[in-house]
Amino acid sequence: MTKRLYIKTYGCQMNVYDSARMTELMAPIGYVPTPTAAGADLVILNTCHIREKAAEKVYSELGAIRRLKQAKEKSGERMVVAVAGCVAQAEGAEIMARAPIVDIVFGPQAYHRLPEMVARATRAGGGVLDTSFPAEPKFDYLPERADSAAVSAFLTIQEGCDKFCTFCVVPYTRGAEFSRPAAEILAEARRLVAAGAREITLLGQNVNAYHGAALPGREGPGGEWGLGRLIRALADMPGVARIRYTTSHPRDVDDELVAAHRDVAALMPFLHLPVQSGSDRVLAAMNRRHSTDDYRRTVARLREARPDLALSSDFIVGFPGESDSDFQATIALVREVGFAQAFSFKYSPRPGTPAAADGRQVPDMVKDERLAELQALLRQQQREFNRASVGRLLPVLFEKPGRHPGQLVGRSPHLQSVHANAADTCIGAIMPVRIDSAEGNSLAGTIAADGAGAA
Ligand code: SAH
Ligand code: SF4
Ligand code: F3S
């Protein structure tokens, strides 16, 4: 009997990956994805705890789901509601207390047990809670992925974080750093390529801290691979046209990774390398373990290896104790480095993190002003970067239909969205596109007739 499964995903790409794996896990027992929560047999909210707003969204969504669940019960049917992800990990049983309609709460490291949890919740009624960090890695218990894959597919290679930046919940919600064995990652990549993927984005909260055993069970020094080596092996795999990785930490950019940027053509010239602040005082208080000069040197090494490398970053404004001159140092660093795009956030105190207890919280109005100033500069840099593409021929990997009929959307090597008129058969192909215009975040162009510039 088929059952309908609705998953709503919040937060980072790692959650997107986890949601895809949960869908695959439930398929053999009859769960088919459905695009809305209304009428679904199983609703999963895969949540994010990174900032207060992200966490609050879950509770407002649960309010809407309560009505849908009641409607389904009126017709004599059951809707099982699960909260997964980082809010589940951080708040656990509190969620059931605050939202009694929730049947199951489980963290990011326990989702391989989902079929069993759903069975228990269905049988017994009452809540099921699993926010453990199980000794068995979940990857050993997930089905092998074989069905259809997106043209651009995510592949988690590393989980958790040992860095403990003083503002961040990730080390608490995702647990200790763990790298999957290289052989297992390559096998998964092979299956993704066989299922239609052309681009693979390697994921981890600290993806460049990757240090996986070559083979499962061969952990320990000597037999370990770094990210650079993994990228080379992936590039040698037939069918892999493009490789990306995210999110990397400035401290873990080693020579092997820099060399991969120099030598591996399939490794795209775009890197998300969060710096958070341009003030050394603030970076130290954040426990980032790098200075602004370390960041400058790392960027210089990468740009020397790959001169067309474009950068992206994350910034936090209004970290406790951030003065006007600290903030102006961030503005100065942005001007100096230059970013193709970036994300910026107001500091949000997170329960249990050291910075939340700092007495020097910055008033919200000041955070608002700083964020507006920073975002105006970042937007300007993004516009300039995109405008510089106009008139150029870019190899675009088409991923899906665009908003208008006859149009496809794809990505340039620099991760810019590119719209162009093309037949659906071009999905999954890399085509040369002459860029005609740049608007906001995206580019529009025309497929070049001569085929030059294709990759
Ligand atoms: N592992 C990555 C990013 C993790 S979270 C890294 O080390 O860079 C993604 C981004 O959210 C962070 O880079 C940071 O800019 C932002 N962020 C994390 N905690 C935050 C908080 N408490 N308030 C505001 N922004 C935060
Ligand atoms: Fe959070 Fe810092 Fe770890 Fe990134 S490196 S996940 S910001 S603790
Ligand atoms: Fe959010 Fe968890 Fe990702 S807190 S950013 S979903 S690791």
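The side chains of Q109 and E159 are joined by a polar contact of 3.1 Å, a polar contact being a pair of N or O atoms within 3.5 Å; within protein, one must be able to donate a hydrogen and the other to accept it, and residues adjacent in sequence count only if both atoms are side-chain atoms. This is a predicted model, in which local features need pLDDT of at least 70 and side-chain atom pairs count only at pLDDT 80 or more, whereas totals for chains, interfaces and linings use all residues. Residues are numbered from 1 along each chain as its sequence is written, chains are lettered from A and ligands numbered from 1 in the order in which they are written, and side-chain values use heavy atoms, with hydrogens and water left out.

**Individual residues**

- Q109 sits in the loop between β5 (104-106) and α5 (114-124); helices (H or I, at least four residues) and strands (E, at least two) are DSSP runs, numbered from the N terminus.
- Q109 counts as buried because its relative accessibility is 12%, where buried means under 20% relative accessible area, exposed over 50%, and partly exposed in between (1.4 Å probe, protein chains only).
- Helix α2 contains Y59, which is buried with a relative accessible area of 13%.
- Between Y59 and A99 there are 40 residues in sequence and 7.6 Å in space, C-alpha to C-alpha.
- Q381 belongs to helix α13 and is buried, at a relative accessible area of 11%.
- A polar atom of the Q381 side chain lies 3.0 Å from the backbone oxygen of V334.

**Ligand 1 and R51**

- Ligand 1 has 15 residues around it, of which F167, Q205, Q276, D314 and S348 come nearest; a residue is near a molecule or strand if one of its heavy atoms lies within 4 Å of it.
- An N or O atom in the side chain of R51 is 3.0 Å from an oxygen atom of ligand 1, and for the side chain of R288 the corresponding distance to an oxygen atom of ligand 1 is 3.4 Å.
- A nitrogen atom of ligand 1 lies 2.6 Å from a backbone N or O atom of Q205.
- R51 is placed in the loop between β3 (42-47) and α2 and is partly exposed, at 28% relative accessibility.
- R51 and S348 are 297 residues apart in sequence, yet 5.5 Å apart in space, C-alpha to C-alpha.

- The residues surrounding ligand 2 include C161, C165, C168, N206, H249 and R288.
- The shell of ligand 2 comprises 7 nonpolar, 2 polar and 2 charged residues; Ala, Val, Leu, Ile, Met, Phe, Trp, Tyr, Cys and Pro count as nonpolar, Asp, Glu, Lys and Arg as charged, and the others, Gly among them, as polar.
- Around ligand 3 are C12, N15, T47, C48, H49, I50, C86, R174 and Q205, that is, 4 nonpolar, 4 polar and 1 charged residues.

**The second largest pocket**

- The volume of the second largest pocket is about 320 Å³. On a 1 Å grid over the protein atoms alone, a pocket is an open set of points where a 1.4 Å probe fits, with protein on both sides within 12 Å along at least five of seven lines; lining residues have an atom within 4 Å of a point. Grid points are joined across faces, edges and corners, and a volume is the space filled by probe spheres set on the points.
- Its lining has 13 residues, with R51, E52, K53, K346 and S348 nearest the centre.
- By class, the lining residues are 4 nonpolar, 2 polar and 7 charged.
- Helix α2 gives the largest share of the lining, 4 residues.
- The second largest pocket lies between domain 1 (3-130) and domain 3 (276-387), because both give residues to its lining; the domain bounds come from an automatic or database domain assignment.
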